[in-house]
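Please read the points below with the model open.

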Amino acid sequence: MNQERLMKVLLGPVISEKSTLAADNNGQYVFRVTTDATKHEIGRAVELLFEVQVDNVRVLNVKGKRKRFGSRGGCRSDWRKAYVRLKPGQDIDFGGGA
C-alpha cells in the first residue's frame, strides 16, 4: 500500500461529546476521512500515524446540510466519517500530554 496515500486518508479527528464518550467507553475513535477511503486504508493509516493496533473500522457517509444565505439556498459538502476501534490496551492521545 502506498504510504503517501495513507498519509492523506485521515483529514482529522471528530471532537464532540458523542465521540468522547465512544472513546472513553468503547475504545473507539472518530475521524473525518476522504470520501474515497476504504476501511482497510483507514485502519492502516491509523496504525501508521499513531502506532497503535486497530481492531475494526466502521465507516459512514454524512450528507451535507441544506443551508440558506438570505434568499439564496445552498448545501454543505457531503463527508465521510470513520469509527476506529482499537485493540484492548491501546490508546490515542490527541492532547499531546497537555
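A polar contact is a pair of N or O atoms within 3.5 Å; within protein, one of the two must be able to donate a hydrogen and the other to accept it, and residues adjacent in sequence count only if both atoms are side-chain atoms. The model is predicted: local features need pLDDT of at least 70, side-chain atom pairs count only at pLDDT 80 or more, and totals for chains, interfaces and linings use all residues. Residues are numbered from 1 along each chain as its sequence is written, and side-chain values use heavy atoms, with hydrogens and water left out.

1. Polar contacts of arginine 80. A polar atom of the arginine 80 side chain lies 3.3 Å from the backbone oxygen of alanine 37. The side chain of arginine 80 also has a polar contact of 2.9 Å with the side chain of asparagine 61. Arginine 80 sits in strand β6, residues 79-86. Strands (E, at least two residues) and helices (H or I, at least four) are DSSP runs, numbered from the N terminus.

2. Charge of arginine 80. Arginine 80 is buried and has no salt bridge. The nearest side chain of opposite charge is aspartate 36, at 7.4 Å. Lys and Arg count as positive and Asp and Glu as negative, while His and the chain ends are not counted. Buried means under 20% relative accessible area, exposed over 50%, and partly exposed in between (1.4 Å probe, protein chains only). A salt bridge is a side-chain nitrogen of Lys or Arg within 4 Å of a carboxyl oxygen of Asp or Glu.

3. Surroundings of arginine 80. Leaving out residues up to four places away in sequence, the residues that arginine 80 touches include Phe31, Arg32, Val33, Thr34 and Thr35. Val59 and Leu60 are also among them. Contact here means heavy atoms within 4.5 Å.

4. Salt bridges. How many salt bridges does the structure hold? There are three. In one of them, glutamate 4 pairs with lysine 8, with the closest N and O atoms 3.7 Å apart. Glutamate 4 and lysine 8 are separated by about one helical turn because they are four residues apart in helix α1. Glutamate 4 is exposed at 53% relative accessibility, and lysine 8 is exposed at 53%.

5. The network at arginine 5. Salt bridges link Arg5, Asp36 and Glu41 in a network. Aspartate 36 meets arginine 5 at 3.5 Å, N to O. This pair links distant parts of the chain, 31 residues apart: aspartate 36 is in the loop between β2 (28-33) and α3, and arginine 5 is in helix α1. Glutamate 41 bridges to arginine 5 with closest N and O atoms 3.0 Å apart. Glutamate 41 lies in helix α3 and arginine 5 in helix α1, so this pair ties together parts 36 residues apart in sequence. Glutamate 41 is buried at 13% relative accessibility, whereas arginine 5 is partly exposed at 26%.

6. Leucine 6. Leucine 6 belongs to helix α1, residues 3-9. Its relative accessible area is 3%, so leucine 6 counts as buried.
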